[in-house]
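Welcome! Take a look at the structure below, and then let's walk through a few of its features together.

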Amino acid sequence: MSRPNKTIEPSVIDDEMLQEAVQKQGPPGRAGQIAKLEGIDFKDVKHLQLDYQNILKIDNLWRFKTLTKLQLDSNVIEKIEGLNTLTNLVWLDLSFNNIEMIEGLDELVKLEDLSLYSNRISNFENMDSLVNLQIFSIGKNYIDKLETIIYLRRFKRLRTLNLAGNPICEDERYGMYIPAYLPNLMYLDFRLIDKTTKEMAFQMHRSAIANLVHREGVAFKKLEKIRLEEEELASHKAAYVEYLNGPGLFNSMFTEDPEAPKLLLLPGVSEFVEIYKVEFVKICQVIFDYGLKGFHAREKEMEHFLECLREANEENQQKGVNIIKAFEDKNKEETTRDFERNISEMVSTYVENVQALIAQCRDLENHHNEDMLEIAISSYEKMGKNEGEEEMPEELRALFVDKDTVVNTVNASHDLHLLKIDNQEDKMVTRANGWVTDLIEKLHTDEINRNRKRVLEINIYIHHWQDELDFLELQDMN
């Protein structure tokens, strides 16, 4: 495998290397000169070429937010890392390096073309998120088990695969195994897979593939169920109501209460705890439904606001040049101010109603505590009179040392239950208020950044025409 000269000290991806690479790829002629003077913002760079730089470690690329093509071939890279922020990457070349393991690609969901040719990789792994992969070159590596190819079946869009130069290519089954297990492939090792080859391959492996398809179907259903549950939970978290559409909060109050197992042994407690649970869960369901409704209302308000901004921008384009800025500022300012007022009122109302509903949960807990305390004291007094002593479990005998111990135990249980309810309220209120605060702050920050960008564009425009005038004056002097 050809590699850069290892006697040369490995390079680091620093600002100097990046600036040089970006400038080399910049526009030619006069536009290139202006770009060099003004500088090119890394976040605007689409393609980046860093081949033959003797790079050992991938680093310092986080500023290339819109990068779609990255060329890192012919270096001495040993590990795939530092790419998690390049979420717009479509094309990635890491060929001719020293990589031993596929990793660090989890965030590159848009990736379509990946080259790992001529490295030291022996297995397919950690690629599940590459759902858009179409071209995969991993020839001249150390892949020696034909069965590992099955991993690539998850890439439904994969059409071109290069495995040439791997030990598996020497397996006599190779030519038919790959087309059979990867039926969507069109090209293998730079050659078109014809229809006849696909049919022969399928017939040779029909039984094994049928079993595999069945297992994949079962696994898919399980994964799909998990995915849907995770999506549902994510939507509930966005509405601040996760686990409130059931006994989740109620159960946590008792499972995390060390006194609950003893108190539940008191006569009659189990029955009225069940009644308490039914009433408590009903209120939680009301909170859940109200939370989801509030979330959808806020989302709708956001969509309306963004639509108003879009319409304002479109209308701006139809205005005369001399009144664009004044109209734009006035229109956007009014739209933003209305939105801030509406969304703040919505969140304020939401918080007030949530607090009122949580107060109902708190009232239920207080009533429950009164009943629990009454039963506990009554049981203690009966024990003092030797009434019902035979039916008393050993756990309760240890509890009934004196009346203060009984009262303190019941109150400790009550305090923990109230703490769980208070925490639920604090979580919902804090997250809602934090969301609206962050949103409004972001709107203001975005507006400031837009104004700065507008000023920068005007300055660049002025400098450009100043340069043109200076150039004309020099011509006149000559």
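**Strands**
- Strand 8 (residues 160-162) and strand 9 (residues 187-188) run in the parallel sense and pair over two bridges; strands are DSSP runs of E with at least two residues, numbered from the N terminus, and two of them pair if DSSP finds at least two bridges between them.
- In this pair, L161 stands opposite L188 of strand 9.
- Eight strands build an open sheet with mixed pairing, in the order 2-4-5-6-7-8-9-10.
- Strand 2 (47-49) and strand 10 (191-192) are at the edges with a single partner strand each, so one side of each has no neighbour in the sheet.

**How to read the model**
- This is a predicted model, where local features need pLDDT of at least 70 and side-chain atom pairs count only at pLDDT 80 or more, while totals for chains, interfaces and linings use all residues.
- Residues are numbered from 1 along each chain as its sequence is written, and side-chain values use heavy atoms, leaving out hydrogens and water.

**Cysteines**
- The structure has zero disulfides (a disulfide is a pair of cysteine sulfur atoms within 2.5 Å).
- For C284, the closest cysteine sulfur belongs to C361 and lies 4.6 Å away, too far for a bond.
- C284 is buried at 1% relative accessibility, whereas C169 is partly exposed, with a relative accessible area of 26% (buried means under 20%, exposed over 50%, partly exposed in between, using a 1.4 Å probe and protein chains only).

Conventions. Helices (H or I, at least four residues) and strands (E, at least two) are DSSP runs, numbered from the N terminus.
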